[in-house]
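Let's take a friendly walk through a protein model, one region at a time. Have the picture ready and follow along.

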Amino acid sequence: MAEIESIDDGAEDEGPDAEAGEGGEAHEAEIGLRKIIHVDMDAFFASVEQRDNPDLRGKPVAVGGSSGRGVVAAASYEARKFGVRSAMPSVTAKRLCPDLIFCKSRFDVYREVSGQIRAIFKSHTPLVEPLSLDEAYLDVTADMRGIGSATRIAEMIRAEIRETTQLTASAGVSYNKFLAKLASDQNKPDGICVIRPGQGAAFVQSLPIRRFHGVGPKGGEKMARLGIETGADLAAKDRDWLHAHFGSFGDYLFRAARGIDLRPVRSSRIRKSIGGERTFHEDIHAPDELRETLDRIVDIVWERIVNNSARGKTVTLKLKYNDFRLQTRARTLPRWVEGKEDFAVIARGLLEAELPLALPIRLMGVTLSGLEGATTKKRGTGAAQLDLL
């Protein structure tokens, strides 16, 4: 089984808004600069385990199953020094770090702590957009306490989280979501980074290309072959060139290289689909490996469907090839999908119809849409990283 780089909710944080084109900078000025904070807990699941068990503090810890088919859901910073990462097969993690300590996940505890953190966010602004149990966007343009300074609010939130949960959080502060998320990763763990108006493009262009959301190992290798190592290299390419080499993904890359993002923080959404996808460290092509990967994704997505009390009629299979070409295949039933096995059979049928694949794939996803039941639920009730298990 290829190593898994990530698994994401189908409704997870998208790239910058498709409306932002070459005039994005002017459009941002027209709508006014927002004050956006992205808060990301530091090694959340593993930190909770270290908090609750003093014997684990200072030691390499992984949350997840230690069996041959187990997957690391979270790794402490001590484990990360050895190269252990979330979504990594447990056998690989143990090989990298022989002293790694595995802890069984305690989802109820993680959700409880997440609720405490969410309450802190809501005491500052009603505009909170969770991405998972351990991270969220906040729009504090008009904060409830009248503080005015987004940087000050971010520091207050970090202090309140530490006092309430005995855990640390990192924060990014900027004038749009894309920059705030980049900033929150800049000074991890337990840090803060502020990107002020006028600094966004220069900040982005100073970064290695792998820091860009959506650019995985294979994408980074392809860009390196094309002479793109940094955001500045990317910004030097025009839209037509990016389209020619990356298809529709080129639009996102064009805007990202300029720090443009017009998406608002949305505290709730009408949910149109529930799904999950996996991006791989190594491309996969063998039919048996594709089938095994599909079954794992089906397990995760069906749990998410059950947790949202949803039902739907359309099953969609998503494949991204190693040349970045994206392919989707869907089947819509005249009835509701009746259960997990029904869901799995339909998804397997969609995959079998494509075998053998012309090229290896770097990503696979499965989605249920045409929903009833989850269409009015708020985001963030099912965390992508939690569902790794």
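## Before we start

Two residues are said to be in contact, or to touch, when heavy atoms of theirs lie within 4.5 Å. Please keep in mind that this is a predicted model.

## A loop residue tucked away

Leaving out residues up to four places away in sequence, Leu-333 touches Lys-313, Asp-342 and Ile-346. You can find Leu-333 in the loop between strand S12 (326-332) and helix H14 (340-352). Is Leu-333 buried or exposed? Its relative accessible area is 6%, and buried means under 20%, so Leu-333 is buried.

One of the contacts of Leu-333 reaches back along the chain. Leu-333 and Lys-313 are 20 residues apart in sequence, while their C-alpha atoms are 5.3 Å apart in space.

## A hairpin and a buried lysine

Strands S11 and S12 form a hairpin, with four residues between them. In the turn sits Phe-324, which has a positive phi of about 75°. The two strands run antiparallel and are joined by seven bridges. To see how they line up, look for Leu-319, which stands opposite Gln-327 in S12.

Strand S11 (residues 314-321) also holds Lys-320. Which side chain of opposite charge is nearest to Lys-320? That is Glu-277, at 6.7 Å. Lys-320 is buried yet has no salt bridge. Not counting residues up to four places away in sequence, its contacts are Arg-325, Leu-326, Ile-361, Arg-362 and Leu-363.

## A five-stranded sheet

Now turn to another part of the model. Here five strands make an open sheet in the order S6-S7-S2-S8-S9, and their pairing is mixed. Strand S6 (128-132) and strand S9 (192-194) stand at the edges; each has a single partner strand, so one side of each is left without a neighbour in the sheet. From one strand to the next, the twist averages 15°.

At one end of that order, S8 (residues 169-174) and S9 pair in the parallel sense over three bridges. Within this pair, Cys-193 in S9 is the bridge partner of Gly-172.

## Helices on the sheet

Helix H6 (residues 150-165) packs on the sheet, where it touches strand S2 (36-41), strand S7 (135-139), S8 and S9. The direction of H6 makes about 170° with that of S8. Helix H7 (residues 177-184) lies across S2, S6, S7, S8 and S9, and runs at about 145° to S8.

## Two annotated aspartates

An unreviewed UniProt entry places the feature "binding site" at Asp-40 and Asp-134. Why can we say that they gather at one spot? They span 95 residues in sequence, yet no two of their C-alpha atoms are more than 5.9 Å apart, so they do come together.

Asp-40 is found in strand S2, and at 16% relative accessibility it counts as buried. Beyond four places in sequence, Asp-40 touches Asp-134, Glu-135, Ala-169, Ser-170, Ser-184 and Lys-188.

Asp-134, in turn, has its place in the loop between S6 and S7. With a relative accessible area of 17%, Asp-134 is buried. Setting aside its neighbours within four places in sequence, Asp-134 is in contact with Val-39, Asp-40, Met-41 and Phe-44.

How values were computed: Residues numbered from 1 in each chain as written. Predicted model: local features only at pLDDT ≥ 70, side-chain atom pairs only at ≥ 80, totals over all residues. Heavy atoms only, no water. Pairing = 2+ DSSP bridges. Axes fitted to C-alpha atoms, helices over the stretch in contact; angles between N-to-C directions. Buried < 20%, exposed > 50% of the residue type's maximum accessible area, 1.4 Å probe, protein only. Lys, Arg positive; Asp, Glu negative; His and termini not counted. Salt bridge = Lys/Arg side-chain N within 4 Å of Asp/Glu carboxyl O. UniProt positions renumbered as here; feature names shortened; annotations may be inferred.
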